[in-house]
Amino acid sequence: MSICTLPEGFFFGAAMSGPQTEGAWQRYGKLESLWDTWSNERIEDFHNRVGSYAGNDFTNRYKEDFELLRSLGLASWRTSIQWTRLLDANGKLNPEGSEYYHRLFASAEAVGLETFVNLYHFDMPTYLFRRGGWESREVIEAYATYARIAFREFGQEIKYWFTFNEPIVEPQQRYTDAVWYPFHHDFAQARTVQYGISIAHSLAVAEFRELQGTGQVRADAKIGLINCFTPPYTKEDPSEADLLAVRMADGIDNRWWLDLVTKGSLPEETIGALSSRGINLPVRAGDEQILAQGTVDWLGFNYYRPERIQAPERDVDEYGNPVFASEYAWPDAVMNESRGWEIYPKGIYDFGMTMARDYPDLEWFVSENGIGIQGEGAFRDASGTIQDDYRIDFVRQHLSWIARAIEEGAKCRGYHYWGVIDCWSWNNAYKNRYGLVEVNLDNGYSRHLKKSAGWFKRVTATHAIE
Ligand code: BG6
């Protein structure tokens, strides 16, 4: 692909999360999250038995890490506050936790890095999970209170806020595919959780607006939602049933959130189709008004892979769940074998253009994009540097499609690379490495630039995608 450029003002940054970097799982009064509980109960589920405890040692190294991010020309970084660190078990502010985050944000600001704060990154406090998690209104209300406390505490420091990262993932991973604690295969429960998160998001946005109205949140602050949208594709010559399956998967995974954040409602066609198969959401009087408050100022689009869909091969699965769509194995798919995810850079353009067409006022940025590779040590050269040309190629292609989408009218404002510094990937732990910067687990979590770091630095300086 020839050289193309990204517009002036387009920003570059680093995407991270609290639970994957901070470690210090018992410091500053932190409570147990579901990741700590799972690690304590079944450490053998985690790659090389590396549980949630250490992150990537960020808590001990954040000053050095911020310098590193700046040296790559990055203007911003995203993390998440951990609910389990900011609040105590009575739902009140934990002063030690709050001081930690104040120190962190001040340190980022001191080197000129803008901090984007997300409030929830799959890290439910265990005591609240035991009270019903996202299925419980008490927990949903507790989240709204947590959001209010966070907005009040950091409202003058932080400009960019997000209620949730990838709210579709817990319904899928925990409640449908049974790959994350508590390992359920229950489609109806997954939709109840999805609905609960939608209410929680909307309540948090309402809190934000109220506090901004009274000056407790700065006037120029913005609130958003981040999701891993999966552009849907089907066969070249689809049947009606294939197209219906695409609409359903797209409705649950993508349009659910896009409608919520732009219209303050959920997609009627999807909700109707669920209901026709006996899946009814736990709607209460007043919910419509709550959801109506869920519209945001902008959106984060995490892009890793598309979804390929065909008509369901059966109506009901072995657990008694209704099946609305089946996976379509596209014969031309290029795979990242380490992660089992398809690499399809054009998907970022296609989905960007879908948003430009169907949600024309919505501004967004790429809030995560990256590639995790197993066994990167094999690519180390004689000087000790990992020659990750595959990563350069991956980012180059995605940035090129972003540039094209912008040229054609997409309102994409920036790009955060996922990870930048290798971090803990949930139960995959350190199996797949995403970073432009290597973390050496055998040498006290020391940091070393990979080849891609130098390449990315040139892109951030010139905005030209070589
Ligand atoms: C996104 C998440 O789904 O993808 C991150 O927001 C995650 O938390 C990243 O780490 C990469 O996925 P994984 O499972 O390989 O870590």
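Let's start with the open sheet: three strands in the order β7-β9-β10, with mixed pairing. For the terms, strands (E, at least two residues) and helices (H or I, at least four) are DSSP runs numbered from the N terminus, and two strands pair if DSSP finds at least two bridges between them. The edge positions belong to β7 (232-233) and β10 (326-327); each has a single partner strand, so one side of each has no neighbour in the sheet. β9, residues 307-310, pairs with β10 in the antiparallel sense over two bridges, and Gln-310 has Ser-326 in β10 as its bridge partner. Helix α10, residues 240-263, packs on this sheet and touches β7 and β9, its direction making about 140° with that of β9. Contact here means heavy atoms within 4.5 Å, and angles run from 0 to 180 degrees between N-to-C directions of axes, which are lines fitted to C-alpha atoms, for helices over the stretch in contact.

A quick word on the model, friends: it is predicted, with pLDDT of at least 70 required for local features and 80 or more for side-chain atom pairs, while totals for chains, interfaces and linings use all residues. Residues are numbered from 1 along each chain as its sequence is written, and side-chain values use heavy atoms, leaving out hydrogens and water.

Now to the barrel. Eight strands close up in the order β2-β3-β4-β5-β6-β8-β13-β15, with parallel pairing. On average, neighbouring strands of this sheet are turned by 25° against each other, direction ignored. Within it, β4 (114-118) and β5 (160-165) pair in the parallel sense over three bridges, and Asn-118 stands opposite Phe-162 in β5. Helix α7, residues 137-154, lies across β5 and β6 (222-227), running at about 160° to β5.

And the ligand? It is surrounded by 13 residues, the closest being Gln-20, Glu-166, Arg-339, Ser-425 and Tyr-434; a residue is near if one of its heavy atoms lies within 4 Å. Among the polar contacts (pairs of N or O atoms within 3.5 Å), a polar side-chain atom of Tyr-434 lies 2.5 Å from a ligand oxygen, and a side-chain N or O atom of Gln-20 is 2.7 Å from an oxygen atom of the ligand. Taken alone the ligand exposes 370 Å², and the protein buries 94% of that, by Shrake-Rupley with a 1.4 Å probe.

Last, a hairpin: β17 and β18 have five residues between them, and Gly-444 in the turn has a positive phi of about 60°. Thanks, everyone!

Terms used:
Polar contact = N/O pair within 3.5 Å; in protein donor to acceptor, adjacent residues only side chain to side chain.
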